[in-house]
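Keep the structure open while reading.

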Amino acid sequence: MKFFSKKKKDKAKEGSKSLKPAEPRDLSLVLDLMGVGFLVLDKNDRISEVNQSCMKFLEISSTAIGSPGVEVLKAHALVQLFREVKKEGSLVDEINGPISGGLSFLVSLTYDPERQETLIVLLDTTRLHKLESVRRDFISNLSHELRTPVSVIRANSEALIDGALEDKEAAKNFSKAILKNSEKLTYLLSDILNLATIESGEYSLDIQDMNPKNLIEEIVKNISEQFSLVSIKVDVDDKLLVKMDPQAFEQVLTNLLENAAKYSSKDIENVVKIRSRKIGSLVRFEVEDNGIGISPEDRERVFERFFRAQNKNTLSTSGTGLGLSIVKNLVNLMGGSVGNEQAHPEGTIFWFSLNSSN
Ligand code: ADP
């Protein structure tokens, strides 16, 4: 570090006085740094200026400068807009970019009558649209998930009131259905509350040095009772010592095992394997199934809140798309990481790694 003596410091100040005021910044460069597209069309609607972001958005190169906008721009809605803006003065609209890019933009156009130029600014709104569609899907999934148990509870209670109470056997069945569906509602609400607590930063962990083998066996017993058609094999070292919160660990493994059982193939014997492996200072846990698998495009996205793969096998299985998001959050809170890969010949391996204590 450099220290100035007082005298030198004053001199430095004097020196800075003689500096010229900073040059004005290049606007299109600033917009580039902000990821905003910028394009100018001259009085003949030829491209006279375009920044890097805009070239990327609209799939054009710098050789487009000087060319007529109508010939070069693959976003047809934009061509329509720069024709209209000459009458309107300014316009704001949402458009789709070239089909191959699959992007959408908020575009603002201004016509400068003095210079006879059209200034166009583009903001990439693709991510916002995706989030919005994920939110919409979630609300519709959630309503569906809530509606089913609520209507079963309602129909069964009505049947009891309407006379089924007199028939002991029927009353028992109706009551069982009420119990099962109220449990379903409890799980759903607890998923939502869990995620809200974790994301608000209020989830407090109790990290301990533990061997998780007994806990794993207990979790496997519970899951096996729920999914009797799936056989679960455990291969976990009983000398492992892991830094973990037992409650969070239980939730993580339960969610992964429930998924492995839920997204199983119909026509084969369903086997789920749990393995542990020490890699350097980490312990990696794997849950491998031989189920329906996950397409490469969805592999990362399954950890997003509310995301559910859009195939008929998934959509016919109940779920909200919150389980893996909870898994990721909890593992990260314990200082670890999560991921998944394809299993062979079919199925998926979900893994999470935690810090080893030995
Ligand atoms: P949910 O199961 O409630 O839909 P999750 O967050 O647990 O939510 O999972 C998100 C999505 O990831 C599921 O809807 C499904 O499409 C996919 N998925 C999760 N686990 C598996 C698995 N073991 N095999 C195949 N697909 C899976």
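A salt bridge here is a side-chain nitrogen of Lys or Arg within 4 Å of a carboxyl oxygen of Asp or Glu. Lysine 243 and aspartate 209 form such a bridge, with the closest N and O atoms 3.0 Å apart. The pair ties together parts that are 34 residues apart in sequence, because lysine 243 lies in strand E8 (residues 242-244) and aspartate 209 in strand E6 (residues 208-210). Lysine 243 is partly exposed, at a relative accessible area of 33%. Aspartate 209 is partly exposed too, at 47% relative accessibility. Keep in mind that the model is predicted. By this rule the count of salt bridges comes to 12.

Now step back to the domains. The domain assignment gives domain 1 (27-124), domain 2 (137-199) and domain 3 (208-355). The centres of domain 2 and domain 3, taken over C-alpha atoms, are separated by 26 Å. Their contact takes 12 residues from domain 2 and 14 residues from domain 3.

How much area is buried between domain 2 and domain 3? The value is about 1,200 Å², and carbon and sulfur atoms give 65% of it. On the domain 2 side, Phe138, Leu195 and Ile198 supply 44% of the area buried against domain 3. That is more than any other three residues supply.

The polar side of this interface can be counted as well. Across the interface of domain 2 and domain 3, the rule finds 0 salt bridges. The count of residue pairs in polar contact between domain 2 and domain 3 is 1, with both residues at pLDDT 80 or more. Two elements give two or more residues to the side of domain 2 that touches domain 3: helix H6 (126-161) and helix H7 (168-199). H7 gives the largest share, 7 residues. By class, this side of domain 2 has 6 nonpolar, 2 polar and 4 charged residues.

Glutamate 158 counts as partly exposed, at 38% relative accessibility. Arginine 154 is exposed, with a relative accessible area of 57%.

Next, turn to a pair of strands. Arginine 275 forms a salt bridge with glutamate 286, and the closest N and O atoms are 2.8 Å apart. Arginine 275 is in strand E9 (residues 270-279) and glutamate 286 in strand E10, 11 residues apart, so to speak a link between distant parts of the chain. Is arginine 275 buried or partly exposed? Arginine 275 is partly exposed, with a relative accessible area of 24%. Glutamate 286 counts as buried, at 6% relative accessibility.

Glutamate 288 lies in strand E10 (residues 282-289). Glutamate 288 is buried, with a relative accessible area of 15%. The side chain of glutamate 288 makes a polar contact of 2.7 Å with the side chain of arginine 275. Which residues does glutamate 288 touch, leaving aside its neighbours within four places in sequence? Its contacts are Val271, Val272, Lys273, Arg275, Ala343, His344, Thr348 and Ile349.

Alanine 248 sits in helix H9 (residues 246-262). At 0% relative accessibility, alanine 248 counts as buried. Alanine 248 and valine 331 are 83 residues apart in sequence, yet 7.8 Å apart in space, C-alpha to C-alpha. Neighbours within four places aside, alanine 248 is in contact with Tyr203, Leu205, Leu330 and Met334.

Serine 104 is found in strand E4 (residues 104-112). Serine 104 is buried, at a relative accessible area of 10%. Leaving aside neighbours within four places in sequence, serine 104 has contacts that include Ile95, Asn96, Gly97, Leu123 and His129.

Methods. Residues are numbered from 1 along each chain as its sequence is written. This is a predicted model: local features need pLDDT of at least 70, side-chain atom pairs count only at pLDDT 80 or more; totals for chains, interfaces and linings use all residues. Side-chain values use heavy atoms; hydrogens and water are left out. Helices (H or I, at least four residues) and strands (E, at least two) are DSSP runs, numbered from the N terminus. Buried means under 20% relative accessible area, exposed over 50%, partly exposed in between (1.4 Å probe, protein chains only). A polar contact is a pair of N or O atoms within 3.5 Å; within protein, one must be able to donate a hydrogen and the other to accept it, and residues adjacent in sequence count only if both atoms are side-chain atoms. Contact means heavy atoms within 4.5 Å. Domain bounds come from an automatic or database domain assignment. Buried area is the accessible area (1.4 Å probe) that two parts lose on being put together, summed over both. Ala, Val, Leu, Ile, Met, Phe, Trp, Tyr, Cys and Pro count as nonpolar, Asp, Glu, Lys and Arg as charged, and the others, Gly among them, as polar.
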